[in-house]
Structures are given as structure tokens and as C-alpha cells.
Amino acid sequence: MKEIKILFYEFNESVKIAFDQIRANKMRSILTALGVIIGILAVTLMGTAINGIDKGFDNSLSMIGYDVLYVQKWPWANVDDWWNYRNRRRIKTDYAEQLNKMIEAAPNTELITAVPQGVNIKSVKYEDNQVKGVFLLGTTDEYPIISTVDLKEGRFFSTIESRTGRPVCVIGYDIADALFPNGSAVDKVVQIGGVQCRVIGVLAKQGKFLGLFSFDSQAIIPLELLQKHFGETNNDRVVVKIKDKTRTLEAKDELTGLMRRVRGLLPDQKDDFSINEQQAFKSTLDPIKSGIALAGLFITGLSLFVGAIGIMNITFVSVKERTKEIGTRKALGARRRTILMQFLIEAVSICLVGGIVGLLLAWGMSMAIGAAASSFPVSFSFDLVIVGMAASILTGIFSGFAPAFSASKLDPVVALRYE
Amino acid sequence: MERAIRPKGKLVIQIEGVTKEYKMGDEIVKALRGVSLSIYRNEYVAIMGPSGSGKSTMMNLLGCLDTPTAGKYEFNGKNVAAMEDDELAAIRNKEIGFVFQTFNLLPRSDALANVELPLVYAGVSGEERRNRALAALESVGLGSRVHHKPNELSGGQRQRVAIARALVNNPSIILADEPTGNLDTKTSIDIMNVFEDLYNKGNTIIVVTHEEDIARHARRVVRLRDGLIESDKTISEEYLMQA
Ligand SMILES: Nc1ncnc2c1ncn2[C@@H]1O[C@H](COP(=O)(O)OP(=O)(O)O)[C@@H](O)[C@H]1O
Ligand SMILES: [Mg+2]
């Protein structure tokens, strides 16, 4: 009890001395703190970038959909033996109909419905304007069931338009923006790969991350229309919505069974199709993401390390200058840990002040970057404040320890004689 | 050697056959070569001797800033010679009040904060700490200067602050190393009057000095030469009989 009280008073005293000391050596403290300010600024800005990348990945993943399975020729995960996949038969869009019949007949199915998607890349033109390399999706009126995308204006195509392959289309935000900068796209007739289509809807803006999976530059037309003009491709697929995203594995097993029946595979034949889901994608992306994070933090961490060395240096100087004071304090009854704490707190105080300034700067800069370039992935969060403060304190302890320890070990007789 | 003074109070310091050696490269310097000394409560002792005789070494040992190479040292009956650093720190904090030649005040703290410092290390709470520090400053005549920083005080006033700091934890002894070494004659007399006052209030005082004028204020004079006690006499034996 008494010990805790002493520790508390010594702590207060140390904090007071630390700030007296900072005030007495303003210029020196500011210059030393600058190293930490820059270090913390670099680390937290990197943190905001990593946060931003994280969010971007999450956005992209949610665009894929958490509760859908993709039946495709190729797996999403990296494979070494790609030639084994190359010879697979194509996935036909009319599998969707067969699958839906089987799903309807199954008593305890995990699956809701299958939606076909034909895929192609085409240009979209309106008068003199043209957008090249548009991701063109041919699908049915059931597309909204499996998609997370909302419409900004207009509507999606109807069952009849879908069945009869009417020349209508729904276009992404960026395409609408590029072709119709001054007005609504709805009811305009555009040319998609040379085929005239009336725009009936525009998708809401999704934002994009590193160009991945943005719905903003895609166009959707009825599958019938797509196949009439452009035929089938290796990338055609069937997307299946599942009932419960926590039971993805069961759903995958069931769908595998159904697909083997559709494909007419014998029991000893291997699956000749892939069932993909965002989880598989995530496990490919996650190492990349943490790789970027680690490399970034390591590089910015170096600048914090340089700041720490500055603090260490100045704390050594401070110990040297105040050798006689240390001797006096020891004569008056300061114990080793008292002196150790005093200099540790001094180093930590400078680091904390530097850290707070660094965090404020980082916050301001991420705000400014966010305002100036909204597509740039930065995201400041409360976690970063905690991490930044913790990093400053650790830097202080790391850099203050050696000088503080040497001060605590000083022989009082030698210290008192020091001039 | 016959003890020169009859014990009045409790035994505070008892050293027997104490030696202190310093290593200087390959050479060993014998600063103390076997010293025995007992100091009782409410004594006023001057330790004298020429330069290099071992006064400071003696002072460091008595003040528990250092431990002897060999020999016995008991402080209030506790064996100090075998103590660890932090135990010695606790003894210094509670039992010993230091007064230095160069005052050794903390330059950025006011008089009050300087005097409070030993109480901080003793774990005395804020309110009591303040009151005791104020009382100590009052007792050395600095009640009106408590918020002055050392550089706003004269040399004599600084040394009074240092004395207040030495007093504040009610130590068993007050140990002063050349307390007037940096002061002019008139101020020196003032400071010695403060010690006289403290002695009369029952404190135990040990002053290390090379000035006869200062030693005259004590009641007992211990003379060192080449690391040994040359003489240990009462003030009357030392000076009055000479005259
Ligand atoms: N830390 C030390 N290292 C080596 N020798 C020392 C040390 N302190 C004192 N001495 C030596 O011990 C002897 C006594 O010194 P000291 O106690 O300082 O005497 P005084 O204070 O009476 O002048 C001297 O010869 C001095 O050189
Ligand atoms: Mg000396």
C-alpha cells in the first residue's frame, strides 16, 4: 500500500520534472520531438492507407457477394496446373435452368436459385462518344436476386424482355457519365458491340478499388440478346444464391453434386468445373494485403526508429548534464527505480507529445487527401489513434531505457562529485 | 584511545575498524585505514583534517552513500555495511539530512518543492508534505521566500533552503560537508547560527570542514590524518585549553 503511494508520488514528480525539463529546453525538445512527429506521421498515414486498402478489398468482396457461389470453368485461386483446366468443357448458361429444376425438387436444399451469366468485352458507343473494354454481362431478370448493386435511375429488365432478348440495357455509372455527361442516359439508344440497345436503367455508383470488380464500367443486357450476337465464351458462368452464408460448405457440396449430374460425370471422374466464392478469393487476397501492410509498416517504422535514436541521444545528454542532480536525488533517498522512472517518463513524454502532434497532422492530411482525391484509399480510424499512442509510448520506453538505466546505476558518490 | 566525551543519548553511529580502498588502475589507494568512532544523539561533531586525509570518504560512509571495504558500521543498531543500494537509499531518506557545500538545489523548482523532495521519496501525502516543508522553511527563517527559485535567492538563503530540506524528514543526523565553503564570512556565521539553533533543539549534527573558525562551533572535534583518526576531543580540550 505504502509502496503504491510512493510510486504514485514519484510518478507525479517525474511527470512534473519531465515537463519542466521540456519547457527549460524548448528548442532541443522540439527538434527531438520532430523525429518522433515524422515517424508517427509516416506510420499513421501508412495505417490510413492500409485501412483504405482493407476497406477497398472488403468493398470488392461484398460486390462479389457473400452469399453466392459462382460455377465457372476456372477456379479463382491460383493454380499451378492450369493446363488441366484449359481442356475443361465450357460452362453453359442453360445449366441454370437445369439446376433450378433440381433445386425445386430437392427437399432440404441449401440453395435458392441459379442465374446464368454470359460474359463478354465490348465497346459502348453513343454518337461520337465511346467507352472501350466494357465488361458486358448477359443475364436474366433474376439478376437482382444475386446482386448487391442498386439502380441510380430507371429499372432492370422485365421477364418478358429477358425471355425475348429485347435490345435493352442497364449501364454502369461511369459509362453513363462518359456517354451522357449532361443528362440522363435513360431512353437513349447506345451501340454495344455494334448492337443497338435502349438504356432502361443506370447502376448506382460503386466506387472502385484498383480497378477490381467495379460495376461502374459494366453493361448488362438480356442473355438471349448477348448470345444471339456474340455467342458463348469460356467465361460464361452460373451464379447460385444460397440460403445461409454460414453454411457455405454444405451449399458448395450440394451444388457440386448437382453440377456433376448436369455434367453427366461418372463416380470415378473428377469434377470438371469450379465452384468459386468470395472466401476463396479472400484467401488469395489476404496474403497480398498483409504483405503490403507489413512492407509499408516496416519502411515507415524505420523513420520512427530514427526518431527513437534521436530521443535516446538527447536522453543520454540529459542524464550527463544532470549527473549532479541525480547524485543529489540519490542522497535525498531516490531509489534506482525512481531515477529510472524519471528519465523513462521524460523520454516517453517527449514521444507522447510528438506522437499526438503526429497524429493530428496525420488526421489533417488524411482529411485533405480524402477531400482532394476521394478515390484514394485513406481511412483514419480510432484504432489508429490507439496504435499511434501505443507506438509513441513504446518508442519512448525503447529509446529512454538505456540512458535511464545508466542513470539509475550511477554511484551517488561519483555523481555528487561530477561538475 | 580514551573517549573524550561522556555519552548522553542513544548511540546513533558506531563504526569499528573501518577501511576504504579505491582502485586506481593497478594501484590501491587506502583512503581510510581502520577508523573507529561512536556518535551519540544530540552531539555536534566537526570532522577536520588536511586535504586528502579522508574527510570526504568518511562523510560518504557516514552518510550511507558508500559502504566500507572492511569493518563494522551500525546506524541506529542496523548493519549498514552489508546493505544493498535501495536499502541504503531508504536509510538516507529517513535518517540522514545532507547539506552540501554547493547547496545542490534543483534549479527549476522553488524553495518549497526543493524541501518537499525527500518527503516525495518517503511517500508523504501532498497536504502533509506541504505543511511539513513550510514548517521546515519557517524554522530556518525563510517562511516568506517559499516560492522563490534558487536563482532568486542569495547564497545564504540557498543554504538555508538546503538545511530545511535536510531537516524536513526528521533525520537522526544532519551531515554537512563544508556547508560554508561557498559563503562569505558574515553569511557563514549566520549559517553556523542556524546549526547552533538546530543543535539546541536536540538534533545531531556532523560538520566536515577544514576551517578552524567553523569547527569552533561544534562540541567535539575529530581530526583525521592519512586515513586515521589523529585526535578526538571535546571543544574545551581542543580550543579553550589551547588558549
Ligand atoms: N573515488 C576515488 N577514487 C580514487 N581515489 C580516491 C577516491 N576518492 C578519494 N580518493 C583518495 O582517497 C584519499 C582521501 O580522499 P578524500 O576522502 O577525498 O580526502 P579529503 O576529503 O579529506 O580531501 C585521497 O588520497 C584521494 O585521492
Ligand atoms: Mg574532500
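**Salt bridges, a ligand site and a surface patch**

A:Arg322 and A:Glu325 form a salt bridge in which the closest N and O atoms are 3.3 Å apart. Both of these residues are buried. The model is predicted, and it holds 36 salt bridges over all chains.

**Salt bridges in chain A**

- Side chains of opposite charge can pair when their charged atoms come close.
- A:Glu325 also forms a salt bridge with A:Arg329, and here the closest N and O atoms are 2.8 Å apart.
- These two residues both belong to helix H11 of chain A, where four residues, about one turn of the helix, separate them.
- A:Glu325 has a relative accessible area of 14%, and because buried means under 20%, A:Glu325 counts as buried.
- Through shared partners, salt bridges join A:Glu13, A:Arg322, A:Glu325, A:Arg329 and A:Glu346 into one network.
- Within this network, A:Glu13 pairs with A:Arg329 in a salt bridge whose closest N and O atoms are 3.5 Å apart.
- That pair links distant parts of the chain, with A:Glu13 in helix H1 (residues 2-24) and A:Arg329 in helix H11 (residues 323-331), 316 residues apart.
- A:Glu13 is buried at 12% relative accessibility, and A:Arg329 is buried at 2%.

- Ligand 1 lies between chains A and B.
- There are 13 residues around ligand 1, and those that come nearest are A:Arg417, B:Gly52, B:Lys55, B:Ser56 and B:Thr57.
- On the chain A side, an N or O atom in the side chain of A:Arg417 is 3.0 Å from a nitrogen atom of ligand 1.
- On the chain B side, the side chain of B:Ser56 has an N or O atom 2.7 Å from an oxygen atom of ligand 1, and for the side chain of B:Thr57 the distance from an oxygen atom of the ligand is 2.5 Å.
- Ligand 1 taken alone exposes 560 Å², of which the protein buries 71%.
- In chain B, strand S1 (11-24), strand S2 (27-40) and helix H1 (55-62) each supply at least two residues of the shell, and helix H1 of chain B gives the most, with three residues.
- By type, the shell has five nonpolar, six polar and two charged residues.

**Nonpolar surface patch**

- A:Phe298, A:Ile299, A:Leu302, A:Phe305, A:Ile309 and A:Phe398 form a nonpolar patch on the surface, and together they have about 620 Å² of accessible area.
- Helix H10 (residues 278-321) of chain A contributes the largest share of the patch, five residues.
- A:Phe305 is found in this helix and is partly exposed, with a relative accessible area of 43%.

Notes:
Residues numbered from 1 in each chain as written. Chains lettered and ligands numbered in written order. Predicted model: local features only at pLDDT ≥ 70, side-chain atom pairs only at ≥ 80, totals over all residues. Heavy atoms only, no water. Patch = residues over 30% accessible without salt bridge, like charges linked within 9 Å, V, L, I, M, F, W, Y side chains within 5 Å. Areas by Shrake-Rupley, 256 points an atom, 1.4 Å probe, with all protein chains shown as cover. Salt bridge = Lys/Arg side-chain N within 4 Å of Asp/Glu carboxyl O. Buried < 20%, exposed > 50% of the residue type's maximum accessible area, 1.4 Å probe, protein only. Near = heavy atom within 4 Å. Polar contact = N/O pair within 3.5 Å; in protein donor to acceptor, adjacent residues only side chain to side chain. Nonpolar A, V, L, I, M, F, W, Y, C, P; charged D, E, K, R; others polar.
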